[in-house]
Each structure stands twice: as structure tokens, then as C-alpha cells.
Amino acid sequence: METNADAAQPPTLLQRVLIGRNPKRTLLRIVVLVVVSFVVFTYVLQPIRVEGGSMLPTYKDHGVNFVNRLAYLFHEPRRGDVVAIRLLAGEHVMYMKRIIGLPGETVTFHHGRAYINGSPLDEPYVKFRGDWEHEPEQVGPDEYYVVGDNRDMPWDDHYKGRSPRELIVGKILL
């Protein structure tokens with residue numbers, strides 16, 4: 001007489017590769033993976049697409065990067081950080097810019113170079129330096145001065161300036 005154990009066929013190699021030896025455990029792993037992925041990509045890492053040439057050559061046009069939304073949980077943004085800045089136009093509309101001025105500092109541009117409190121800023125990431133001229137601008141107590149890396153673009157075509165801290169979403173990872 002044949003028992004249930006004898007009647008059960010051993011899983012094929014394909015079944016073991018796709019499902020594993022224990023289908024319930026595999027299903028649980030898939031559910032956990034989906035939930036963890038949802039949480040990470042919704043609340044921690046947010047994808048951002050680069051559109052335009054203001055961050056050239058550091059970040060290419062149409063490239064995709066990720067914003068670490070937890071980067072400034074324990075410290076404030078720092079000079080040189082590339083950040084995502086939310087626009088008031090919508091939750092998912094953001095600019096990607098580099099922080100060059102910290103709260104309370106004075107930022108100016110002369111012959112395409114950035115000056116912080118009258119001293120030239122060392123910017124090894126700037127490869128295309130234009131001829132920007134701009135009067136000194138005081139950064140507020142809860143603001144950061146942001147600008148793109150491509151300084152060869154005309155001044156008026158470039159989003160730059162003071163950004164309130166609450167609009168900075170996080171730091172760019174890649």
C-alpha cells in the first residue's frame with residue numbers, strides 16, 4: 001500500500017530553484033522583500049531624474065540618482081553637498097543643486113568664481129567656469145545658498161540662490 005510520503009514526487013531542479021524546498025518560506029521571503037522595498041523606496045531612497053545641464057559634468061542630463069532622505073537626520077547640510085530641493089510647485093518636482101553657502105554667510109560671484117565672506121571658494125567640481133558677476137548676497141539664518149556645477153551657463157538660465165532648509169529633501173547618493 002502506498003502512503004502519502006511515497007506518493008509525493010520530489011521537486012524537480014527547476015521547482016527547487018524557483019520556489020525552493022519550502023514554498024511557504026519562499027512566499028514569506030517574497031512578501032518581506034516587497035514590503036521592505038516599498039518602505040525603502042518610499043521613505044528613505046527617492047529616485048530623482050536629472051533634466052538639464054546645470055550640474056554638468058558631475059551629473060549627466062537624463063541620468064537617474066537617488067536622494068537619501070535620512071542624510072540630514074543627525075546633522076545639517078554641509079558645504080559641497082549635492083542636494084535635492086523641493087519646489088513649491090509640487091511634492092515630486094525637485095532641483096538638484098550643490099550647497100556653497102551656509103546660514104549667515106555672504107555669497108558673491110566675480111569672474112565666474114564663488115566667494116564666501118570675501119574669500120574664494122575652492123570648487124574642484126566646477127569644470128566649466130563662465131563670467132558670472134553678482135553682488136554679495138547674505139544667506140539667511142535658516143537658508144543655504146545653492147548653485148549648479150556648470151557655471152558656463154548664462155546667469156539668468158540657471159536656478160541658484162537661497163533655499164530654505166525645509167525645502168531640502170536630502171542628499172544625492174550617486
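This is a predicted model: local features need pLDDT of at least 70, side-chain atom pairs count only at pLDDT 80 or more; totals for chains, interfaces and linings use all residues.
## Overall form

The chain has 174 residues, and 35% of them count as buried. Its secondary structure comes to three helices and eleven strands. Read from the N terminus, the elements run α-α-α-β-β-β-β-β-β-β-β-β-β-β. The radius of gyration is 25 Å, well over the 16 Å that the globule rule gives for 174 residues, so the chain is more spread out than a compact globule.

Taken along the principal axes, the C-alpha atoms fill a box of roughly 95 × 30 × 30 Å. Contacts were also sorted by distance along the sequence. Among those between residues at least 6 apart, 53% join residues at least 24 apart.

Val-67 stands opposite Ile-172 in S11.

## The four-stranded sheet

A further open sheet has four strands in the order S7-S6-S5-S8, again with antiparallel pairing. Here S7 and S8 stand at the edges, each with a single partner strand, so one side of each is left without a neighbour in the sheet.

S6 and S7 run antiparallel and are joined by two bridges. Tyr-115 has Pro-120, in S7, as its bridge partner.

## Aromatic pairs

A search of the whole structure finds six aromatic pairs. One of them joins Phe-109 and Trp-155 in an edge-to-face arrangement, with 5.6 Å centre to centre and 70 degrees between the planes. Phe-109 lies in strand S5 (residues 106-110), while Trp-155 lies in the loop between strand S9 (143-147) and strand S10 (161-164), so this pair ties together parts that are 46 residues apart in sequence. Phe-109 has a relative accessible area of 1% and is therefore buried.

Trp-155 also pairs with Trp-132: the ring centres are 4.9 Å apart and the planes stand at 90 degrees, so this pair is edge-to-face. Trp-132 lies in the loop between strand S7 (119-120) and strand S8 (134-138), and Trp-155 in the loop between S9 and S10, so the pair ties together parts that are 23 residues apart in sequence. Trp-132 counts as buried because its relative accessibility is 3%, and the cut-off for buried is under 20%. Ring pairs link Phe-109, Trp-132, Tyr-145 and Trp-155 into a cluster.

## Charges over rings

Most peptide bonds are trans, and most residues other than glycine have a negative phi. The bond between Leu-56 and Pro-57 is a cis peptide bond, with omega about -5 degrees. Pro-57 is placed in the loop between S1 and S2.

His-111 is not a glycine, yet it has a positive phi of about 55 degrees. His-111 is found in the loop between S5 and strand S6 (113-116), and its relative accessible area of 55% makes it exposed. Asn-117, also not a glycine, has a positive phi of about 50 degrees. Asn-117 is found in the loop between S6 and S7. With a relative accessible area of 48%, Asn-117 is partly exposed.

Key: Residues are numbered from 1 along each chain as its sequence is written. Side-chain values use heavy atoms; hydrogens and water are left out. Rings of Phe, Tyr and Trp (its six-membered ring) pair if their centres lie within 6.5 Å; planes under 30 degrees apart count as stacked, over 60 as edge-to-face and the rest as tilted. Buried means under 20% relative accessible area, exposed over 50%, partly exposed in between (1.4 Å probe, protein chains only). Two strands pair if DSSP finds at least two bridges between them. The radius of gyration is taken over C-alpha atoms; the globule rule is 2.2 Å times the number of residues to the power 0.38. Contact means heavy atoms within 4.5 Å.
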